[in-house]
Amino acid sequence: MKRVALITGASRGIGRGIALELAKTGWHLVINYAGNAAAASQTAADCLAAAQAGGHAIQTATCQADISISADRARLLDFTYTTFGRLDLLVNNAGVAPNVRADILEASEESFDRLININVKGPYFLTQLAARRMLEQVAQAPEEPRPRIVTISSISAYTASTNRGDYCIAKAALAMLTPLYASRLADSGINVYEIRPGVIATDMTGPVREKYDKLISEGLTPIPRWGTPADVGKAVVAIALDLLPFSTGEVLNVDGGFHLRRL
Ligand code: NAP
């Protein structure tokens, strides 16, 4: 049976890693991006190749949409249903870091608004739109596997970094999305999850690579290495394959054990 995932911010980084892992298991994909069409096309081509190597014939479609803009969110959902006729997995992945890491005594309101709009308002209202469509889908075909929703937050939801307070506040707010939608959708069989990545090697962490190299070598994470987009992608696949059927509102830490308290 055809299963369709919509991944926001799948042109690069973690979203791309999620797309590749889902492609390997035969999922059809909507690859959303904000501005980098070439990267999105590359991800789509690489997903087709990865699926083919695993013996799966999948379809991919790319769609530009800025998740912080209401009309773009509606267009993205319409595109998904027009192209594939269904949605089985929404992955709220797209997010941004502050353009400038500034001390919380100096950081601007403009940066705060940008991060709240993209990292919180975007996924919150995209989930609202997707959930409405998923409920219709469930009502029309109750015998089919139930859709799933997963949101990529961050260890910054509970870790204070005083040079990017706006990012931490946004991720802490985003962490409430999952308990809310998990509670609202549970009786319809739609499970909702949060994945909380640690330090993952992407463009976002490029500017702080040396700093984190040093911290990891000094023991920042019990598993002493950088995380990869594929690490996050494999956790999403576990959800897509419904390996956690009696869990909803659950947080999966994909952080090399960063969250452990040690003595
Ligand atoms: P990245 O490499 O900078 O990639 C960001 C992706 O999001 C790109 O595909 C980008 O599209 C897209 N995007 C940005 N703004 C968007 C918008 N307004 N609407 C739609 N798409 C948008 O970032 P990443 O490191 O993969 O991060 C992905 C997610 O994981 C983010 O939510 C981030 O906060 C979270 N995270 C990252 C880390 C880490 O260590 N890297 C750790 C924890 C959590 P374009 O290519 O078109 O620009």
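**Note on helix packing and strand order**

1. α4 passes α6 in a right-handed crossing (the near helix is turned clockwise from the far one by less than a right angle). The model is predicted, so to speak of local features pLDDT of at least 70 is needed, side-chain atom pairs count only at pLDDT 80 or more, and totals for chains, interfaces and linings use all residues. Residues are numbered from 1 along each chain as its sequence is written, and side-chain values use heavy atoms, without hydrogens or water.

2. Helix α4 covers residues 109–140 and helix α6 residues 177–185; helices (H or I, at least four residues) and strands (E, at least two) are DSSP runs numbered from the N terminus. The angle between α4 and α6 is about 15 degrees, and their axes are 11 Å apart (lines fitted to C-alpha atoms over the stretch in contact, with angles from 0 to 180 degrees between N-to-C directions). The two helices are therefore roughly parallel (under 35 degrees).

3. Which residues of α4 and α6 meet? From α4 they are Pro123, Tyr124, Thr127, Gln128, Ala131 and Leu135, and from α6 Leu177, Leu180, Tyr181 and Leu185 (contact: heavy atoms within 4.5 Å). By class, this contact has eight nonpolar, two polar and no charged residues (Ala, Val, Leu, Ile, Met, Phe, Trp, Tyr, Cys and Pro are nonpolar; Asp, Glu, Lys and Arg are charged; the others, Gly among them, are polar).

4. Strand β4 (residues 89–92) is joined to strand β1 (residues 4–7) by three bridges, and the two run parallel; strands pair if DSSP finds at least two bridges between them. Ile7 stands opposite Val91 in β4. β4 also pairs in the parallel sense with strand β5 (residues 148–152), over four bridges, and Leu89 has Arg148 as its bridge partner there.

5. Leu89 and Val91 point one way from β4, Leu90 and Asn92 point the other way, and all are buried (under 20% relative accessible area, 1.4 Å probe, protein chains only; exposed is over 50%, partly exposed in between). In the loop between β4 and α4 lies Pro98, also buried, at 9% relative accessible area. Leaving aside neighbours within four places in sequence, Pro98 contacts Ser111, Arg114, Leu115, Arg164, Asp166 and Tyr167.

6. Strand β6 (residues 191–197) has seven of its seven residues buried, so the strand is largely enclosed by the rest of the structure. Asn191, Tyr193, Ile195 and Pro197 point one way, and Val192, Glu194 and Arg196 the other. β6 pairs with β5 in the parallel sense over five bridges, with Val192 as the partner of Ile149. Five bridges join β6 to strand β7 (residues 250–254), again parallel, and Pro197 is partnered there by Val254.

Conventions:
Angles under 35 degrees count as roughly parallel, over 145 as roughly antiparallel, 65 to 115 as roughly perpendicular and the rest as oblique.
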